[in-house]
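Keep the structure open beside them and look up each residue as you read.

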Amino acid sequence: MSKVIHAIYNDDDILMNAVKAVRKEHYHIEEVYTPFPVHGLEKAMGLEDTRIAITAFMYGCVGLTVAIVMMNFIMIEDWPQDIGGKPSFSYIENMPAFVPIMFELTVFFAAHLMVITFYMRSKLWPFKKAENPDVRTTDDHFLMAIDAGHHDVDQVSQFLTGTGAIEISLHDKEDDH
Amino acid sequence: MDTTYKLPSKLKLFAIIFMVVGAIGMITGFLTAPKTIEDVKAIEASHHSDGHGEEDATATNDAGGHDAADAHGAADAHGGDAHYEHVLHQMQNRPWSALYIASFFFFMIALGTLAFYAIQHASQAGWSPVLFRVMEGITAYLPIASIIIIVLLLLSVFHVNHIFHWMDPDLINPESDKYDKLIDGKKGWLNGGWFIVRAIIYLAGYNAYRYFSRKWTLNQDNANDNRWFKKNFKLAAGFLVFFIYTESMMSWDWIMSFDPHWFSTLFGWYVFAGMMVSAITVIAMVTIFLKSQGYLEFVNDSHIHDLAKFMFAFSIFWTYLWFSQFMLIWYANIPEEVTYFITRIEDYNLPFFGMLAMNFVFPLLLLMNSDYKRVNWFVIMAGIVILAGHYIDVFNMVMPATVGKSWYIGLPEIGSLLFFFGLFVYVVFSALTKAPLLAKGSPFMGESKKFHY
């Protein structure tokens, strides 16, 4: 059964340097658990750039379209309104009145759908069992999970101690992720 | 390491060529402006026959009928020579307006940079001290711009030109048939003497801040403690209070009063937003230019990224104010307010909507992506469009009131723009040579050099 080594750190700067050192030695970092977002950690870990910005742009475009279609139906087609004493009954000529709605729905769609996407991609939903292996990572400790693979565990542990880990432990790999 | 900038002689020559070419364009504009209504008739006739006429068919017919029937055009159904007289005044205003717009545009850049610079001092920003000398270089144009502005305003007050309609004394003379009750009601604010006194107060305040802040940051370079830094902080905070009041009044005086019947309560903010976005764009462009010449080695992509973020954000802020001003007036549809936008939409359709695309849609789409904000040539390209867009914005604020339908982007406009561009480049880059490009005394310099987004 494959094993995973958990190294615990108590400072984000030490963690950052440790991540860089571990990657330099070509050990495989499975995951890092931190109590707060650590600036630059994703770059140090070599993670791919997030694509959430692209989804945000697309959701914004959807929101804008929904606003246009909706206002056109409500205010122009279904029950034509005389807006500001200008009974032109044309969407484009009444557009200034709809701009706030177009803006708001763009932001609304982008923000909410982006959050939902983030939860789905992170596999977070209500009543979900926490995945972090040590509860202290929600308080003031940082945990780096390293794939033991075919490395010599003692040697890896020694190396990790050198990077500033305060605790090192060996675990069986769980299969659910 | 020597961080002092040396002005390349090529750049000097480049600036001088722009000034000379621009001056020729400007002078030609003044010389070719029509002097009598006969000239106007000749111009209109040739324009109509060329098919350039933008007026409706009746006007074309009128003008055509004139030339054929009566060289003097005395017996016109539309009020005789009144139309030509009106157009004559517009055409005579055009080179003055073009000069005024270009000089104000570059004044705006220098003043906006000064305000941005004061914000950096007052907020004790940690990212920007590496850019202080660039900003100080740009604000070095402020004294010269102020002199030009005050001379232009004095020429208007002394009736050398008539771009400010409200300065016509007949308008406030109840005996005159041109008497205008609304303008008469505003004469407590809009009168030549008080107008010039205000202009002197604004400009004296801006230039005083510019003088002392520059001097004190230079002092700070060689100081052992933070005394000058602290003084600069207090001065910047005081200046910003002065600035935000006087900037608003300045934009009423120097821009909004072109349409003396019309007013907008957020006009000061609107001009301010355009000023800031142009200024930050110029800071970014000068920085990138100096970097490309091998200077400013301590400025990294994160600084450019932050400037581009400001360009993006202030472009949206500008649009927000533009729209806030437009929508309320459009919605309420009150004749004396809405006439401002009707003139612009009917007579200035392309620059009016073109400017929206250049100042909003273009920066929105180009600068939205985080990575693009770090690509220097991308920032330069976006910057050129933004600057052109904001020149057109000032054009749209001034021209409809001074020249009406007789506008065109021709020799006077381009000549003035080139002239002031050359002068601006010359003054700014000469000023950059006068001090090391690193304001090494700033206590935040270490943070700024290491700044990483």
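1. Let's begin with strand 3 of chain A, which is mostly covered: 5 of its 6 residues are buried. Please keep in mind from the start that this is a predicted model.

2. Now look at what lies on either side of that strand. Strand 1 (residues 3–9) of chain A and strand 3 (residues 142–147) of chain A pair in the antiparallel sense over 6 bridges. You can follow the pairing residue by residue: I8(A) stands opposite L143(A) in strand 3 of chain A, and the bridge partner of H6(A) in strand 3 is A145(A). Strand 2 of chain A also pairs with strand 3 of chain A, again in the antiparallel sense, over 5 bridges. Here V32(A) stands opposite M144(A) in strand 3 of chain A.

3. In which order do the 4 strands of the open sheet in chain A stand? The order is 2-3-1-4, and the pairing is antiparallel. Strand 2 (28–33) and strand 4 (167–172) of chain A stand at the edges with a single partner strand each, so one side of each is left without a neighbour in the sheet. Direction ignored, neighbouring strands of this sheet are turned by 25 degrees against each other on average. As a tip for looking at any sheet, in a regular strand the side chains alternate between the two faces of the sheet.

4. Helix 1 (residues 12–24) of chain A lies across strand 1, strand 2 and strand 3 of chain A, and runs at about 10 degrees to strand 3 of chain A. Helix 5 (residues 153–162) of chain A packs on the sheet too, where it touches strand 1, strand 3 and strand 4 of chain A. The direction of helix 5 of chain A makes about 15 degrees with that of strand 1 of chain A.

5. Two loop residues in chain A deserve a look at their backbone angles. F89(A) has a phi near 50 degrees, a positive value in a residue other than glycine. You will find F89(A) in the loop between helix 3 (52–78) and helix 4 of chain A. With 14 other C-beta atoms within 10 Å, F89(A) is partly exposed. K123(A) is not a glycine either, although its phi is positive at about 55 degrees. This lysine, K123(A), lies in the loop between helix 4 and strand 3 of chain A. Is K123(A) buried or exposed? K123(A) counts as exposed, because it has 9 C-beta neighbours inside 10 Å.

6. How many residues of chain A are in contact with chain B? There are 7 residues of chain A in contact with 7 residues of chain B. Helix 4 (residues 95–121) of chain A supplies the largest share of the side of chain A that touches chain B, 3 residues. By class, that side of chain A has 4 nonpolar, 2 polar and 1 charged residues.

7. Helix 1 (residues 9–32) of chain B packs with helix 4 (residues 82–122) of chain B at an angle of about 155 degrees, and their axes are 8 Å apart. An angle over 145 degrees counts as roughly antiparallel, and helix 1 and helix 4 of chain B are therefore roughly antiparallel to each other. At their contact, M26(B), G29(B) and F30(B) in helix 1 of chain B meet P95(B), A98(B) and L99(B) in helix 4 of chain B. By class, this contact has 5 nonpolar, 1 polar and no charged residues.

8. Which residues touch the most other members of the largest nonpolar core? They are F106(B), I283(B) and M311(B), in a core of 113 residues. Helix 4 of chain B gives the most to this core, with 19 residues. Leaving aside neighbours within four places in sequence, M311(B) is in contact with several residues, including V277(B), I280(B), A284(B), L367(B) and I386(B). A second, separate core of 20 residues includes A18(A), V19(A), F142(A) and I146(A).

9. Finish with L365(B), whose place is in helix 13 (residues 349–366) of chain B. L365(B) counts as exposed, because it has 12 C-beta neighbours inside 10 Å. The C-alpha atoms of L365(B) and F312(B) are separated by 9.4 Å, while the two residues are 53 residues apart along the chain.

Conventions. Residues are numbered from 1 along each chain as its sequence is written. Chains are lettered from A and ligands numbered from 1 in the order in which they are written. This is a predicted model: local features need pLDDT of at least 70, side-chain atom pairs count only at pLDDT 80 or more; totals for chains, interfaces and linings use all residues. Axes are lines fitted to C-alpha atoms, for helices over the stretch in contact, and angles run from 0 to 180 degrees between N-to-C directions. Angles under 35 degrees count as roughly parallel, over 145 as roughly antiparallel, 65 to 115 as roughly perpendicular and the rest as oblique. Two residues are in contact if their C-beta atoms, placed from the backbone, lie within 7 Å. Ala, Val, Leu, Ile, Met, Phe, Trp, Tyr, Cys and Pro count as nonpolar, Asp, Glu, Lys and Arg as charged, and the others, Gly among them, as polar. A nonpolar core is a set of buried Ala, Val, Leu, Ile, Met, Phe, Trp, Tyr and Cys residues joined through C-beta atoms within 7 Å. Two strands pair if DSSP finds at least two bridges between them.
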